[in-house]
Number of protein chains: 2
Amino acid sequence: MPKIGMEPIRRKALVDATIVEIGRSGSLDVTVSQIAKRAGMSSALAHHYFGGKDQIFMAAMRHILSVYGAQVRAALSVSHQPRARLEAIIRASFEAGNFRGEVVSAWMNFYVQSQTSEGAKRLLNIYQARLRSNLLHELRPLIGPRAPDVAANVAALIDGYYIRHALRGSLSDGRLASDRVLDCLDMMLTAQPKSGEFK
Amino acid sequence: MPKIGMEPIRRKALVDATIVEIGRSGSLDVTVSQIAKRAGMSSALAHHYFGGKDQIFMAAMRHILSVYGAQVRAALSVSHQPRARLEAIIRASFEAGNFRGEVVSAWMNFYVQSQTSEGAKRLLNIYQARLRSNLLHELRPLIGPRAPDVAANVAALIDGYYIRHALRGSLSDGRLASDRVLDCLDMMLTAQPKSGEFK
DNA sequence: ATTTTTATTGATTGACGAGTCAATTAAAAT
DNA sequence: ATTTTAATTGACTCGTCAATCAATAAAAAT
């Protein structure tokens, strides 16, 4: 019963199903058939709309990234002081949504895939560049030349706590992780510049 | 030409080959045949000695972990002040060896596998617990009650910079990463305790 | 010398999974 | 009314790969 305009609906269903299935299995060892079944269609149709497995994964990752981006933007839109905006960025990174098992799984596997797939590497670079740029923008007015180093540290902290979560889904929920990052951030903000700082 | 006592030699060859192959492919999508070929034997023999693919991977990971552990111990054995010992631990984590593409790949994939495999999760827990315990032991005499939080932050920083390395094999070599972690550590050490610290 | 044990592999099995294709359905366009 | 076009799938092809096994070879033990 071909109603016209199915394409976007099917694509969305497949992307959602992909994320769920990755979470369920905890790896990228997910068959197109599993995904298609969960999305309520045949595997042939999945291939029809996406061309191949890789492209389905890529679309799923792009979706996750765009949701994350929207969260950050939303959080930033209500904060106006640099410190508050930093907090907004950090908290957005650990929002419950990003912290769901499926999403963490997707990220983990995405890191792995970025060593093989050009497309994955590019996407991941976009994420990292955006995070860095966001942090830098707020840090500069606060600490000037020390901003790049601190930004790198904060970014690493975020990724590190994220990974830690991949391991034990229980301990350290988002709140705790972001509190710790913030705590560390404040220490870095108030620390006096090191003496031998000139390159 | 069965010389006796081949088993340990073959096992070692397989473990080494596994790490190389994981690095080469950037993923766990490595066939037993590839590993066996690189180790100079038939895939049947690999199965004969290890039983199955999973066990080969596990042995490879155990090996990486044990090398890392030895590095840490070696570095600690020549440092005696808490601050110096902390530096030793951190630098050991970013030693050139651990930072080789193969090893990073293995770690990445190991994180992923830890969501599926009980054995992988257990191994990873050992690593994390040991790191935490090592850090804690040196931090306590320096900052007392703040030690646990700082230890968690340092651990997250290490993992975070590690991951960042999975992405771009070029920028930020081990030296730079450990310098940054140390920098951040010093800030945390000198920061004054927060006021509302009592839980 | 013959038996036992260890090492070793080629060939095979069996399962699974990505991607293709021809065929079917029904809406839309003419 | 017929033609075109989008949606949809079951069945099939083709590869790949983990795991098994029977067979061989040679050192060790008797």
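## Chain A at a glance

Helices here are DSSP runs of H or I with at least four residues, strands are runs of E with at least two, and both are numbered from the N terminus. By that count, chain A has nine helices and zero strands, and the pattern along its sequence reads α-α-α-α-α-α-α-α-α. This is a predicted model, in which local features need pLDDT of at least 70, side-chain atom pairs count only at pLDDT 80 or more, and totals for chains, interfaces and linings use all residues. Residues are numbered from 1 along each chain as its sequence is written, while chains are lettered from A and ligands numbered from 1 in the order in which they are written.

The C-alpha trace of chain A spans about 70 × 35 × 30 Å along its principal axes. A residue counts as buried if 20 or more other C-beta atoms lie within 10 Å of its own, exposed if 12 or fewer do, and partly exposed in between, with C-beta atoms placed from the backbone. Of the 199 residues in chain A, 38% are buried. Two residues are in contact if their C-beta atoms, placed from the backbone, lie within 7 Å. Among contacts in chain A between residues at least 6 apart in sequence, 58% join residues at least 24 apart.

## How the two chains meet

The contact between the chains draws 32 residues from chain B and 32 residues from chain A. On the chain B side, the elements that give two or more residues are helix 6 (101-113), helix 7 (118-143), helix 8 (147-167) and helix 9 (174-190). Helix 8 of chain B supplies the largest share, 12 residues. That side of chain B divides into 15 nonpolar, 11 polar and six charged residues; here Ala, Val, Leu, Ile, Met, Phe, Trp, Tyr, Cys and Pro count as nonpolar, Asp, Glu, Lys and Arg as charged, and the others, Gly among them, as polar.

What brings chain B onto chain A? A rotation of 180° with 0.0 Å of shift along its axis does, at an RMSD of 0.1 Å, and that is the relation of a two-fold axis. The superposition is by least squares on the C-alpha atoms of residues with pLDDT of at least 70 in both copies. Gly160(B) is the residue of chain B that comes closest to the rotation axis, at 1.9 Å (C-alpha). Because 100% of the interface residues of chain B are also interface residues in chain A, the copies meet through the same surface.

## Helix 1 of chain B

The buried residues of helix 1 of chain B are Leu14(B), Val15(B), Ala17(B), Thr18(B), Ile19(B), Glu21(B) and Ile22(B). They pack against helix 2 (32-38), helix 3, helix 4 (53-77) and helix 6 of chain B. After helix 1 of chain B comes Gly26(B), with a positive phi near 70°.

Where helix 1 of chain B meets helix 3 of chain B, Glu7(B), Arg10(B), Arg11(B) and Leu14(B) face Leu45(B), Ala46(B), Tyr49(B) and Phe50(B). This contact holds five nonpolar, no polar and three charged residues.

## A closer look at Val72(B)

Val72(B) sits in helix 4 of chain B and is buried, with 20 other C-beta atoms within 10 Å. Leaving aside neighbours within four places in sequence, Val72(B) is in contact with Ile89(B), Ala92(B) and Asn134(B). Val72(B) and Ser27(B), 45 residues apart in sequence, are 27 Å apart in space, C-alpha to C-alpha.
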